[in-house]
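Work through the exercises below with the sequence and structure at hand. Each task is followed by a solution in steps.

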Amino acid sequence: MSADAHAPRSHAPRSHAPTSQAPKSHATNSPAPDAEPATSLSAAPARPDASPSASLARPGASSSASPARPGASSSASLAQPCALPPLRFGYGTNGLADLRLDDALFLLADLGYDGVGLTLDHMHLDPLAPDLAARTRRVAHRLDALGLGVTIETGARYVLDPRRKHGPSLLDPDPDDRARRADLLVRAVRVAADLGAHAVHCFSGVVPEGTDTDTAWKRLAETLTPVLDVAASAGIPLAVEPEPGHLLAALADFHRLRSALGDPEPLGLTLDIGHCQCLEPLSPADCVRAAAPWLRHVQIEDMRRGVHEHLPFGDGEIDFPPVLAALAATGYQGLTVVELPRHSHAGPHFAAHSLPFLRHAERTVATVPPAPAPALQQAAPPHGAPSATPEGSSTG
C-alpha cells in the first residue's frame with residue numbers, strides 16, 4: 001500500500017432487520033460487587049443514518065472524529081433512553097475465523113449488524129501478503145455494498161510470529177522486533193484510512209521476562225510515537241485497549257500512557273466491557289462514564305469477576321442494560337463490537353443470537369428492574385467447543 005494516507009471513504013448507511021427468530025426470554029444475571037479485583041454478495045437495504053466515525057471528543061481539544069451530539073453528557077440521565085440515538089453494533093471477525101471474509105461480511109449484514117471489527121490476519125485481509133492496497137479496495141467496495149461500518153483490530157495471535165502468540169510486541173527487548181509490531185500498526189492505520197474505519201485497535205503486550213516496568217513503559221511510549229504520527233496524518237484514532245495481564249491492563253494504565261506521551265490527539269481508548277467486569281474497581285457502567293472523553297472503540301461480551309474468559313451473553317455476570325444506557329448517554333456512535341474469539345467453531349450461531357440480546361438490553365430502561373432478556377439458546381454445535389481456559393495474555 002502507498003505510504004500516503006487516503007481520506008476515509010464515507011459509508012452509505014443501511015439497515016437490516018435480523019433474520020433470526022425472536023429468542024425466548026430469560027433473566028439477566030446481576031453484576032458482581034464492585035470490589036477490587038481479586039460467493040457473490042448482494043447489496044443490503046438502506047439503514048437509518050448513523051455516522052461511522054462519530055465519537056466523543058476529548059474536552060478542550062479538537063478531534064478528527066465527528067463531534068458528540070449537542071448536549072450529550074457522560075452523566076446524562078439514564079431514565080430517558082428514548083432520547084438517545086441507537087448504538088451501532090458490530091461483530092468481530094476473530095470470532096468468525098472459519099468463514100471466508102466475504103461470507104462473514106454478508107452474514108453480518110444479513111443478520112442486521114451495523115458493522116464489523118475486522119482483525120487483520122492471514123485468513124481475513126492479510127496485512128503482510130502482496131497487493132494489500134488492491135485487496136483493501138475490494139473489501140472497501142464490499143463494505144459499501146453491504147452498508148457496514150468497520151473498525152480495524154490488530155489482535156491476531158500469530159500474524160507476525162508463528163511461534164509466539166501476539167509476538168513480537170511493542171515491549172520486546174529487540175528494537176527490530178518492536179519495529180515489526182509498529183510497522184503492523186502503521187499498515188493497519190493505512191488500511192483503516194482506505195476503508196473509512198473509525199479507529200485502529202491495539203494493545204501494549206506482556207512485560208518480557210527480565211524487563212522492569214519502567215523500561216517497559218519507556219519502550220511502549222517510544223515505539224508508539226511514530227505510529228501516532230501516521231495516525232494523526234491519516235485522521236484515524238489509535239485506540240489502545242487495556243488488556244488483563246499486559247503492561248497496560250486497566251484504565252489507570254491508559255492514563256499513565258496518555259500522560260507520558262503528552263496527551264496526543266490521535267491516542268484514544270478501546271474499552272472492553274468484559275475486561276471492566278473482570279478487573280476494574282468500577283462497575284462496567286461506571287467505567288463507560290469514566291472513559292467517555294477518550295472512547296474511540298468498544299468491545300463487548302460477557303465475563304465473570306476475576307476471570308479473563310470471553311463468554312457469550314448470559315453466561316457471565318454483567319447486567320447489560322445499564323452499560324448500554326451509559327454508553328448511549330456519552331454520545332458514542334462508533335461501533336460496539338462483539339468479541340468472542342474462542343467461539344469461531346460456532347461463529348454464525350453466536351452472531352445470530354448476540355444482536356437480539358444487545359438490542360433488547362438497549363431497549364430496557366436502566367432505572368427499572370430489567371425485563372426478561374432473550375435467551376441465547378446456547379446449544380451451539382458441540383464440535384470444537386471453546387476452551388474454558390482463562391483468556392489471559394499467554395493463553396487467549
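**Exercise 1.** Are α3 and α4 roughly parallel or roughly antiparallel to each other?

*Solution.* The model is a predicted one.
Step 1: take the angle. Helix α3 (residues 175–195) packs with helix α4 (residues 213–234) at about 20°, the axes being 10 Å apart.
Step 2: apply the cut-off. Angles under 35 degrees count as roughly parallel, and α3 and α4 are therefore roughly parallel to each other.
Step 3: α3 and α4 make a right-handed crossing.
Step 4: list the contact. α3 contributes R178, A182, L185, V186, V189, R190 and A193, while α4 contributes R219, T223, L224, V227, V230, A231 and A234.
Step 5: sort these residues. Ten are nonpolar, one is polar and three are charged.

**Exercise 2.** Describe how α1 and α2 cross, and name the residues in contact.

*Solution.* 
Step 1: the axes of helix α1 (residues 101–111) and helix α2 (residues 132–146) come within 10 Å, crossing at roughly 20°.
Step 2: α1 and α2 are therefore roughly parallel to each other, and their crossing is right-handed.
Step 3: L101, D102, L105, F106 and A109 of α1 meet V139, R142, L143 and L146 of α2. Seven residues of this contact are nonpolar, none is polar and two are charged.

**Exercise 3.** Which residues line the largest cavity?

*Solution.* 
Step 1: the largest cavity has a volume of about 40 Å³.
Step 2: its lining consists of P242, A249, L251, L271, D272, H275, C276 and E280. Two or more lining residues come from each of β7 (267–272) and α6 (273–279).
Step 3: the lining divides into five nonpolar residues, one polar and two charged.

Definitions and conventions: Residues are numbered from 1 along each chain as its sequence is written. This is a predicted model: local features need pLDDT of at least 70, side-chain atom pairs count only at pLDDT 80 or more; totals for chains, interfaces and linings use all residues. Side-chain values use heavy atoms; hydrogens and water are left out. On a 1 Å grid over the protein atoms alone, a cavity is a set of points where a 1.4 Å probe fits but cannot get out, and a pocket is an open set with protein on both sides within 12 Å along at least five of seven lines; lining residues have an atom within 4 Å of a point. Grid points are joined across faces, edges and corners, and a volume is the space filled by probe spheres set on the points. Helices (H or I, at least four residues) and strands (E, at least two) are DSSP runs, numbered from the N terminus. Ala, Val, Leu, Ile, Met, Phe, Trp, Tyr, Cys and Pro count as nonpolar, Asp, Glu, Lys and Arg as charged, and the others, Gly among them, as polar. Axes are lines fitted to C-alpha atoms, for helices over the stretch in contact, and angles run from 0 to 180 degrees between N-to-C directions. Angles under 35 degrees count as roughly parallel, over 145 as roughly antiparallel, 65 to 115 as roughly perpendicular and the rest as oblique. A crossing is left-handed if the near helix is turned anticlockwise from the far one by less than a right angle, and right-handed if clockwise. Contact means heavy atoms within 4.5 Å.
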